[in-house]
Every structure is written in C-alpha cells, then in structure tokens.
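Open your viewer, and let's take a walk through this structure together. Each stop tells you what to select and what you will find there.

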Amino acid sequence: MTLLALALLLVVLIHQGCFHFHVEAGDGFIRARGVQFLLNGSPYYANGFNAYWLMYTASDPSQRSKVSAAFREAASHGLTVARTWAFSDGGYRPLQYSPGSYNEQMFKGLDFVVAEARSYGIKLILSFANNYDSFGGKKQYVNWARSRGQYLSSDDDFFRHPVVKGYYKNHIKTVLYRYNSFTGIRYKDDPTIMAWELMNEPRCTSDPSGRTIQAWIAEMASFVKSIDRNHLLEAGLEGFYGPSTPQRNRLNPGLKIGTDFIANNRIPGLDFATVHAYPDQWFSSSNDQNQLSFLNNWLDTHIQDAQNILRKPILIAEFGKSWKYPGFSTYQRDLLFNTVYYKIYSTAKRGGAAAGGLFWQLLTEGMDNFRDGYEIILGQPSSTANVISQQAHKLYQIRKIFLRMRNVERWKRARAARARRHHWRGGNGGKRIGN
C-alpha cells in the first residue's frame, strides 16, 4: 500500500469513527483507550523485542556496553519497546536474596537499563516474576515460605498461599517505589516504563478450571493499581483459551495450564491482552506449512476476540523461530515474522486491536552464552533484520500520518474558536453584555 493510499484510507476511517483523536497532556506515558495504545493523544504501536538478560548483564558495569549496544541497534532499526525481567529471585547473582532482602548491585543494573532505554527513546515492559525455575520463579517463592515453617504442597501454591502472596506483593511495592540511582525518578513515576507484567507466562496446572489464576490476577492487578495508576498493566499470558469459551479450546496447542484468555483479560485492572506464538515448539513434529496455518488462525482469533469481546489492545508479546529445530531456514523464519507483522500492520491501519509485536529475543555481539536458537543480532546484517526494519517503517508512517491529521484537527478547532470570538465581538459592537 502506498503512503498516499494509506493516508486516504485513514481519512475515511477517521470520518467513519474508527479512530478518535484525544487531547492529553504530553506526559510521555502510554495509555490505552478502547482498542488502541496512545502516546500523548496519538496512536502508538509497540514494535519491539524481548531481552530478558538486560538487568543481569547491566549489574556488571564492565558489561553495560552490551546493553547500550542492544538499545542502539534496536533504535536504529526503528524498534520502540523492550520487554525484560525485573526479577531474579535467589540463586546466583539474584536481585532478591530472600523475601525483602535486595542486592543493590543488581538493582543498579536495572536502574541502568531504565535510564539507558530512556536515552534511546525505548519504552519498557517490566515483568515482576517468572512461572519457571530460571531466575528463581514461583518455586523459589514457595521454597522461601517452606523454609519459614509454612506447609505448601506444590509450586502452584504461589497463587494461593497468603504468605507467598505477601512476599510477591512486597516485591511489587519495592520495584514501584524504587528511586532510580541514575535518573532520580521513582519507577512508578517514570514514563520510560510502558507497562508492568504480573508474571512471565503464569500457569497453574493443578487447577485447570482457571479459578485460581483468575482470583490471583484480580487480586494482584488491584494491588498494582492501588499504588500506580500511571502505567499500563498486563498479566503475561500466553493466550490459551479456557472454560469461559469452550468453543475456542480446540485452538489451543494441546496444553491445559489453568489460564483462560477471555476471562483473565476481562479483569478490569488489566489494560491490554497478550498472546505468545511458538508453533515450532508447540508443533515440533509438523511441517512449516502446518505451523504457519496454526499461526494465522491463532493470531486472527485472538485479535478478533480482543477487538470484539475484550475491547482492549492486544500485544503479540513473544514470537520467534529457533534454528535448533530440524529443517530450520532463514526463509521460514522471515515468513513467520512477516506473518506476525502483517497481522499487526493490517489491523493497525484500520484502527484495530493488534497494537504491536515483540520478537524473542534480541542479542548483541559477544553474547554466545545467551543464544537459545531464537536470537536476532541486529548488528549482523540479515534478511530478518530487514523484515524488522520494514515493519518499523510502516508503523512509523501510520503514526506520522495520524500526527499530521491531529495537527490539522487542532488547527481547525482553533480557527473555529477564533471565528466564534470574532462573531461574538462583531455582533455586539465589541461591548460586554450584562452586568
């Protein structure tokens, strides 16, 4: 679609009421209005990447150049959002040694990440905890409670036990009230942060009804919002359907994990929905064509449900294709990226709910220990890097057109106001009426 054709389409859609301009203070916080993200009143698209390693790497001052390089390469390719961990619980070089006891050196690493993202114009999504054992996860929280005399029968008691929930809430509070040692800004007041995430991929297999996760999300969303109403909030969900929509369960990749895409995301404290997409993991024995067919259906259904049922934006918060699976080719990876990006672009240009995508994962040079098969190194020229840049350019063009149209709308309103003042003065000879 040419830029002129896109501009004409947007004009038509605006007149049809698909888009609405909002006049808001330019405070730099991302907002959610209906099915769109807004930045200072104009549509915003979260086009970016995952980089879980940012805090861990930045905690060593000698390695901070890698964080800077990653942000620099991302910004040069037009990426605007990074999702990363604001947790590391117990174990080697933790953020949290034990409940309420923090490693200041690791926290300074996170401070550096936030400050550096700010300098490169990149927004952050920060996750509070992990479902899995890496970096501690819910297992570490449960073990902490056990070590203090609490009886817990499974790791899923993370979502149920009041002592564990108290530990988790304390971590949220600690992060939100943290003063950044580089910027002096409290995290809860920093517009560099786009959103908080309750947990990376929460799962509660011991309760497939979904009631445990539903209650936990509702409680924790309310808790976060009681402290911080500046930032957006999401749950970290993968997008699996549950009991509230049995007709959708056939779309799930054969996993019953105790979450419910519709019911969970209807919780009022959540500002947008998320979906993850790993057809190469979920259908590793299927060919590329079948995996792409699943991906198309998976994304179409979630975008439609976000638009028509949830009436919230949806972020494709993780997607990728690993070279570790048999039959991998860069061509097939590019095809997967283009499929995801087309879903986002085709929806964005019509004012729909697909508000962005974050590929897994971004690395930079000299990080071989972090390679997991999904890595993209933008400093190394590749066809996939070109696909990423092209998507960034297309979404930038949409936003630029909106900004121009918004300025035109402002000019029209100002002209109309001047005309009314002139008419008022002219009709009364410039004299006041009344007392």
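Before the first selection, one definition: a cavity is a set of grid points where a 1.4 Å probe fits but cannot get out, and its lining residues have an atom within 4 Å of a point. Keep in mind, too, that this is a predicted model.

**Stop 1: the largest cavity**

Select P279, D288, Q291, L292, K321, Q332 and L336, and you have the lining of the largest cavity. The space inside amounts to about 50 Å³. Colour that lining by class and you will see 3 nonpolar, 2 polar and 2 charged residues. Which helices each supply at least two residues of this lining? They are α10 (288-310) and α11 (330-348). The largest share, 3 residues, comes from α10.

**Stop 2: α10 against α11**

The axes of α10 and α11 are 11 Å apart, and the helices pack at an angle of about 20°. Angles under 35 degrees count as roughly parallel, so α10 is roughly parallel to α11. Turn the view to follow the crossing, which is right-handed as α10 passes α11.

For the contact itself, select D288, L292, L295, N296, L299, D300 and I303 on the α10 side, and Q332, L335, L336, T339, V340, K343 and T347 on the α11 side. This contact is made up of 7 nonpolar, 4 polar and 3 charged residues. While you are here, look again at D288, L292, Q332 and L336: they belong to this contact and also line the largest cavity.

**Stop 3**

Counting cavities of 30 Å³ or more gives 2.

**Stop 4: α5 against α6**

Next, display residues 137-147, helix α5, together with residues 162-176, helix α6. The axes of α5 and α6 are 9 Å apart, with a packing angle of about 120°. That angle makes α5 oblique to α6, and the crossing is right-handed.

Show side chains for Y141, V142, W144 and A145 in α5, which meet V163, V164, Y167, Y168 and H171 in α6. By class, the contact holds 8 nonpolar residues, 1 polar and no charged.

**Stop 5: α6 against α7**

The crossing here is right-handed.

In α6, pick K165, Y168, K169, I172, K173 and L176; in α7, pick their partners W216, E219, M220, F223, V224 and I227. The contact comprises 8 nonpolar, no polar and 4 charged residues. Notice Y168, which takes part here and also in the contact with α5.

**Last stop: the largest pocket**

Finish with the largest pocket, which has a volume of about 370 Å³. It has 17 lining residues, and those closest to its centre are Y132, N200, E201, E318 and W360. The lining as a whole divides into 8 nonpolar, 4 polar and 5 charged residues.

Methods. Residues are numbered from 1 along each chain as its sequence is written. This is a predicted model: local features need pLDDT of at least 70, side-chain atom pairs count only at pLDDT 80 or more; totals for chains, interfaces and linings use all residues. Side-chain values use heavy atoms; hydrogens and water are left out. Axes are lines fitted to C-alpha atoms, for helices over the stretch in contact, and angles run from 0 to 180 degrees between N-to-C directions. Helices (H or I, at least four residues) and strands (E, at least two) are DSSP runs, numbered from the N terminus. A crossing is left-handed if the near helix is turned anticlockwise from the far one by less than a right angle, and right-handed if clockwise. Contact means heavy atoms within 4.5 Å. Ala, Val, Leu, Ile, Met, Phe, Trp, Tyr, Cys and Pro count as nonpolar, Asp, Glu, Lys and Arg as charged, and the others, Gly among them, as polar. On a 1 Å grid over the protein atoms alone, a cavity is a set of points where a 1.4 Å probe fits but cannot get out, and a pocket is an open set with protein on both sides within 12 Å along at least five of seven lines; lining residues have an atom within 4 Å of a point. Grid points are joined across faces, edges and corners, and a volume is the space filled by probe spheres set on the points. Angles under 35 degrees count as roughly parallel, over 145 as roughly antiparallel, 65 to 115 as roughly perpendicular and the rest as oblique.
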